[in-house]
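Please read it alongside the sequence and the structure.

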Amino acid sequence: MPPAGVPPSRVLPHRESALFKEVLHYYEDKQLKKGVKAADTILKKFPNHGETLCMKGLLYTHMGRREEGFELVKQGVRYDLTSHICWHVFGLVQKGQKNYEEALKSYTQALRFDKDNMNILRDAAHLQTQLRLYDALVETRHTLLRLRPQLRQNWIALAVAYHLVGNLTETKNILEQFERIVKDVPDYDIEMSETLLYHVRVLEELGQYTEALSLLDTNAKSRRIVDRLAIMETRARLLSKLESADAQQAWQALIEQNPDCYEYYKGYLSNQGIDLGALTEETRSKALQIYRDFSQQFARAAAPRRLALNVAVGDEFKELVEPYVRSRLDKGIPSLFTDLKGLYRDPSKRDIIESIVQAVHDELAHAPDAPCPANIDPTVYIWALYYLAQHHSYLGRHEKALALLDTAIAHTPSLPELYLFRGRVLKRAGDPYGAARWVDQARLLDLQDRFLNTRAGKYRLRAGLVEEAEEVFGLFTKKDAPSPSQDLEDMQSMLYLTEEADAQLRNGNLPMALKKYNTIVQVFKDFYDDQFDFHGYSVRKFLINSYLDLLKWEDNLRSHPIYVRAAIAASRILVRLHDDPSLATKSTSDSHLSEAEKKAKKKAKKAEKKVQEETKKAQATSTNEDKGLDASPPKDDDPDGTKLFQAPEPLERAAKILKPLGTLAKDNFDGWIAIYDVAVRRKKYLQAAQALSHAHTLNADSPELHVRLVDFKHRWSSLSEKPSETVSTVVSSTLSKLVPDEVSLELFNSQYLQKHSSRAEAVLGVAKAARILGAPREEVENTIFTVLNTDVDLNLETALAIDTFLSEIQSPREEEFRAGAKQRFPLSTVFAPRAELPELRKSAVQQTLFETSAEKEKEVIG
């Protein structure tokens with residue numbers, strides 16, 4: 001008779017029961033093939049034994065046969081719905097697929113039938129943390145502590161659970177109880193040290209600064225806290241919050257330990273009552289004197305001298321900045337301009353710096369074709385030229401910068417920085433092809449320098465030369481990778497992914513651009529998933545403070561500028577696809593592709609075939625190798641991005657990508673505009689109105705906002721059937737605040753043009769709005785061409801946007817505008833006649849340079 005509550009179908013005879021235990025041992029010992037063989041022996045007699053089927057499926061999953069394994073596990077669960085083993089295995093497989101919600105459901109089911117199983121409880125706690133279900137986490141951690149109170153990590157885990165749920169008082173109580181229980185702690189015990197530092201952090205967050213300081217000092221003296229730097233930093237911070245007289249000495253000690261740490265100086269000044277964000281004349285002079293004193297005390301430290309420049313003004317600034325600049329020019333520090341660029345927000349400081357560097361240049365200047373005089377240091381001269389070139393380029397004086405760089409290159413033709421920056425100046429001036437060519441020359445000066453090669457690849461991408469960029473990146477990627485692009489994608493190189501996505505977008509290859517942006521989104525998902533292993537590791541190793549910082553970082557992960565930029569760009573492509581579904585059908589035909597794009601598509605398919613062959617070979621030769629529960633990266637069955645581009649519901653996909661921006665990037669104007677573009681097309685009018693309201697708060701005069709306001713009011717007034725009464729009331733009220741009801745949209749548009757007629761981007765916005773309102777194309781074109789007037793402030797980015805807009809409306813005057821823009825930006829090549837662009841692309845990489853460097857490149861590869 002089977003035990004009470006156990007279904008007869010689960011009970012095995014003695015021989016098969018022993019064999020099932022062997023299956024469990026084989027799984028634990030990673031003897032996968034033996035485990036499958038033993039499971040098959042049981043299943044020959046008992047083909048419907050759920051637990052054996054689940055174990056066989058789990059073994060298959062570890063062997064890489066994931067689909068078969070998953071089906072076996074599901075089948076096993078169906079045969080035995082009350083087995084905790086079946087539900088546990090099902091949860092393990094779902095966790096390996098990163099399907100955490102379903103995995104937690106399976107673990108919850110397993111706990112119904114074995115509520116005190118430590119392994120299941122521990123895994124469930126990790127899943128609850130991953131899903132941020134902190135209330136349930138507290139209950140699970142309570143259960144674990146009740147079952148194993150002698151395990152120190154269970155106490156800390158419960159304290160952390162209460163911390164995450166926001167109950168700091170209970171966290172404090174548990175930590176105090178834990179510290180009373182623990183006995184015979186050896187000296188310099190790292191785990192106890194981290195626990196005590198965590199306790200101090202909790203007290204600080206509770207505002208109990210006196211208790212926190214007392215706990216810190218007591219345990220620091222007894223050597224129970226061993227992290228001396230953490231002790232010093234925490235003590236200084238607590239003393240400042242307590243407004244203690246000892247705080248100044250504490251910050252002084254930190255500065256003496258590391259005189260180049262900006263945060264220590266900030267803490268020192270804050271303790272003196274000096275707010276660097278709101279300086280008065282009194283606090284400015286006081287701060288400046290403090291920086292002077294520290295500069296004398298720490299003669300070799302750069303931080304106090306540099307920070308003093310932020311505070312000083314007028315003659316004091318000139319007195320301090322001149323020795324700072326001259327000493328760094330003497331030392332030949334290439335990053336000097338990057339160091340001082342932050343001071344350029346103040347025009348007077350900018351002019352003083354320019355006069356100082358110009359004076360250095362004038363002192364050392366000599367005829368370019370004459371030998372350098374004996375009394376002149378040629379290195380100081382060259383770095384002065386380099387700084388002045390950076391200075392003038394930053395201010396938009398590109399011709400002046402190029403002239404200085406030409407002088408510098410004639411003087412020292414072997415310095416890569418000069419070629420690199422000449423490329424950057426040309427890029428800013430609108431010549432990406434010349435920029436790529438000059439950066440390539442810098443690369444050829446030292447082919448083994450990865451930085452130079454990376455720069456060359458980046459500038460080739462910006463010139464639209466995707467394949468040529470891959471050739472450069474391929475010099476340093478894995479030689480056995482399917483392609484340099486795939487290797488860089490596997491390495492999660494954000495620089496490469498963002499630059500290639502932008503390059504594909506500029507080239508008009510929307511499917512590949514969308515694929516690369518989607519890859520960036522997926523990388524951030526991987527970053528978020530990667531935290532899972534730390535839920536157990538950090539508590540087990542008592543790395544609590546770092547762990548809490550990690551969780552906070554992960555919660556704000558998608559506020560990172562790279563994710564925000566990729567999400568917005570991907571959503572714009574998907575909106576274009578929704579507005580013009582014919583783009584999806586065009587992408588299946590090769591007739592619209594250029595020769596380079598056809599070649600890239602063929603190369604991508606070849607790389608995909610190579611990956612498939614290697615995958616099959618690996619599966620055939622290593623069936624007993626444990627590949628783990630985590631699903632391996634899916635094979636790329638969409639090398640040219642067509643399948644992703646043609647996938648249904650583009651707006652729903654765009655909304656999913658943009659969703660984190662509404663909470664994590666509230667201050668990003670472009671994010672709200674992208675959210676509006678998707679919401680209004682999904683007929684989510686309330687969300688669209690809220691997005692415009694947020695955007696208006698951030699930048700009320702933005703041309704992009706103006707276009708959307710006209711678009712939204714035009715759509716709303718044209719609706720034959722309004723949404724629910726509540727939604728209609730809120731939307732109408734919001735619209736009335738943004739666009740006056742008594743003003744027609746045509747008048748609203750013309751008023752905006754009158755107010756911002758000298759801004760080219762505003763003129764473009766008015767033209768787009770007029771297009772929405774059905775204005776004739778000639779009228780739109782006439783509005784656009786006013787940007788070429790001398791009284792209109794036109795920059796390169798806006799000129800390119802206008803060119804794109806004219807192309808979208810199929811304007812016959814597009815070449816006329818390009819010719820006018822070429823006159824406004826004489827150094828640019830992006831406005832050259834379209835017929836000349838292919839030749840310019842070819843010239844971006846000089847064949848003679850390749851021939852010159854062929855042998856050196858072979859040497860690098862070897």
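**Positive phi in loops**

Glutamate 649 has a relative accessible area of 54%, so it counts as exposed. Here exposed means over 50% relative accessible area, buried means under 20%, and partly exposed lies in between (1.4 Å probe, protein chains only). The model is predicted: local features need pLDDT of at least 70, side-chain atom pairs count only at pLDDT 80 or more, and totals for chains, interfaces and linings use all residues. Residues are numbered from 1 along each chain as its sequence is written, and side-chain values use heavy atoms, with hydrogens and water left out.

- Glutamate 649 sits in the loop between helix 35 (642-646) and helix 36. Helices are DSSP runs of H or I, at least four residues, numbered from the N terminus.
- The phi of glutamate 649 is positive, about 55°, although the residue is not a glycine.
- Arginine 223 also has a positive phi, near 65°, and is a residue other than glycine.
- The loop between helix 12 (209-221) and helix 13 (228-241) holds arginine 223.
- Arginine 223 is partly exposed because its relative accessible area is 42%.

**Second largest pocket**

- The volume of the second largest pocket is about 950 Å³. A pocket is an open set of points on a 1 Å grid over the protein atoms alone, where a 1.4 Å probe fits, with protein on both sides within 12 Å along at least five of seven lines. Points are joined across faces, edges and corners, and the volume is the space filled by probe spheres set on them.
- Its lining has 28 residues; Lys525, Arg558, Tyr563, Lys656 and Pro660 lie nearest the centre. Lining residues have an atom within 4 Å of a point.
- Helix 29 gives the largest share of this lining, 7 residues.
- Helices that each supply at least two lining residues include helix 6 (100-113), helix 32 (561-579) and helix 36 (650-658).

**A buried glutamate**

- Glutamate 500 belongs to helix 28 (residues 494-506).
- Its relative accessibility is 2%, so glutamate 500 counts as buried.
- Leaving out residues up to four places away in sequence, glutamate 500 touches Leu461, Val466, Ser485, Met512 and Lys516. Contact means heavy atoms within 4.5 Å.

**Tyrosine 537**

- Tyrosine 537 is part of helix 30 (residues 532-540).
- Tyrosine 537 counts as partly exposed because its relative accessibility is 35%.
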